[in-house]
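Take a walk through the side-chain contacts of this model.

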Amino acid sequence: CDEEEQCSVADLREAESDGFFSCSLYPDTRVCGAYDQPIKRPCRPLLVTLPNNTYSKKVDLSRPVQSFYERVPFQKMVSYSVRNRVTLRGTQLLSEGFMECERRCDEDPCCRGFGFVRETKSGDLLCLPLISLGVQTCSKDDTTTWRTQDCTPSEAETTPEPFGWYQKPVNQWTSSPALCPLFRLRNPKNNVLMDGWRLLSDSSLLIDSSLSTYDVIHVSRDIASDREKTRDWCLHACQEAESCVAVSLSEAESAVRCILYPDTTACGLSSTPDSLTPAASCRLVIREPALEVYLMTEQSPQATSISVPGHGMLQGVAIETAIGSDKRRVIQFLGVPYARPPIGPLRFEAAQPADWTGIWDATRPRPSCVQPGDVETATSSEDCLYLNIFTPATLVSSESPPRSN
C-alpha cells in the first residue's frame, strides 16, 4: 500500500482453503455524510466486505502546505459531501489547526476544499475536508437587496475569519470515478416543465451592473456535469421563491453561476426606421451578461376567486397598482373573516373559528376595530376580525391560497 500513491486502506485476510493470504488495497473511500446529516457523525471507510485485519494509512501532516486555498464567498452550502471530520483539540493555535486542515486536503486527491468551522453546541473546532462543494448560497461578496434563500445562521459557526469554506485550485481537482466516491446533484423536489419557461434573446435583455435586486447561487462544477439537470435545479430554485420570475446561467471558474431575479422588466418608447410612431419596448434588466436567460411564463390566468376548503369561494378583485415608475396587477381579497364576530355572547370570549360558507364577497373592506375612546362608526366596529389579502395576479390559482398581510 505504501508503494501505491493512492492507496489508503489495506485489508488482510486468510483464504479458507488454499492456504494463501489475500491483501486488498483501497483508495480513501470515506464519506461521512452531507449537509443534512449530524456534524459529529463518524466517518468510516466503504469496503466490499466487513473489515478483518484492516489498516488505514496515516495522513502526513509534516510537509508544507502545497496549495493556495481561496475563500468561498458564500455563507452557506447545501448538497455538499464531507470526506471526514477532524476535531482540533487542546491548546492548538488557530493558525496551526488551519494549516493542518489545508494539509489534509493537500494529501487527498479527491478533496475539493474544506470547511473550518466551530460547532456551537460543543464548542469544538472542526476541519471538514469536502469531496464536493455542492450548492453555495447566501453570497457575501455580491451587493444585493433581495434574497430567495434561507440565510439564517447555521448550526456550525463559520464566521469570523478564518472560519468558513475554502476551495482547492480547480486545476488540482481529480475527477477519476475509480478513485473518488461519486457524488451527484440532487434532483429537485418537483419536476421543472420547460413549457413554463421562455429562453430570452439578447435583444430582450438590458445589462445594468447597478441592479441590486437579485440573488446568487453557485453549483459546483464537480456536480454540474449534466447541463440540463443543473439548469433545472436553478429554475426550480426560482419556482420555489415567492417573487422570482427570471434566471440567468453563466460559468464561473469552479461553478455554474445562477442569478435569480424578481420582475425587473423596464419599458420605454422606441421607434424603427419604418415607423414614425414610437412603440413600447420592454426588456428584462439583468446585472451581468449570461450564456442563457430564462423568463417564467404566466402559469395561470388572473383568477379573482379562490376556493377555501371547508368554507366556499372567496371572490376578490383585480386592480392595477403603481410600484415606483412600474405598474403591476394584483388580486386583492378584502374583509376575509378569520374568526366569528366577537359580539353578543362571544364578546370577551376566546376567538371562535370562522363559520362562513358559500361565496364570500371579498371585494370591499370591512370595519376596523374600535379602539378605547372611539365612537363606533361605519368604518369601525367590534365586528372587525377580518384580513385584507393581496397576491400577484399571475400567482393565484384554484390550488394556491393567497398570502395575507
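Start at Trp-360. This is a predicted model, and in it Trp-360 counts as buried, because its relative accessibility is 19% and the cut-off for buried is under 20%. Tyr-386 is buried too, also with a relative accessible area of 19%. The two rings meet. Their centres are 6.5 Å apart and their planes stand at 25°, so Trp-360 and Tyr-386 make a stacked pair. Look at where the partners sit. Trp-360 belongs to strand β25 (residues 358–361) and Tyr-386 to strand β28 (residues 386–392), so the contact ties together parts that are 26 residues apart in sequence.

How many aromatic pairs does a search of the whole structure find? There are eight. One of them joins Phe-114 and Tyr-166, again stacked, at 5.5 Å centre to centre with 20° between the planes. Phe-114 comes from strand β8 (residues 113–119) and Tyr-166 from strand β12 (residues 164–167), so this pair ties together parts 52 residues apart in sequence. Phe-114 is buried, at a relative accessible area of 0%. Tyr-166 also counts as buried, at 7%.

Now turn to charge. Side chains of opposite charge can pair when their charged atoms come close. A search of the whole structure finds 16 salt bridges. One of them is between Arg-147 and Asp-215, at 3.8 Å from N to O. Arg-147 lies in the loop between β10 (135–139) and β11 (156–157), while Asp-215 lies in strand β15 (residues 215–220), so the bridge ties together parts that are 68 residues apart in sequence. Asp-215 counts as buried, at 0%.

Other bridges join sequence neighbours. Arg-231 pairs with Asp-232, and their closest N and O atoms are 3.1 Å apart. Both of these residues are buried. Glu-288 and Arg-287 form a salt bridge as well, at 3.3 Å from N to O. Glu-288 and Arg-287 are likewise buried. Finally, some bridges share partners. Which residues do they join into one network? They are Asp-28, Arg-30, Arg-83 and Asp-108.

Key: Residues are numbered from 1 along each chain as its sequence is written. This is a predicted model: local features need pLDDT of at least 70, side-chain atom pairs count only at pLDDT 80 or more; totals for chains, interfaces and linings use all residues. Side-chain values use heavy atoms; hydrogens and water are left out. Rings of Phe, Tyr and Trp (its six-membered ring) pair if their centres lie within 6.5 Å; planes under 30 degrees apart count as stacked, over 60 as edge-to-face and the rest as tilted. Helices (H or I, at least four residues) and strands (E, at least two) are DSSP runs, numbered from the N terminus. Buried means under 20% relative accessible area, exposed over 50%, partly exposed in between (1.4 Å probe, protein chains only). A salt bridge is a side-chain nitrogen of Lys or Arg within 4 Å of a carboxyl oxygen of Asp or Glu.
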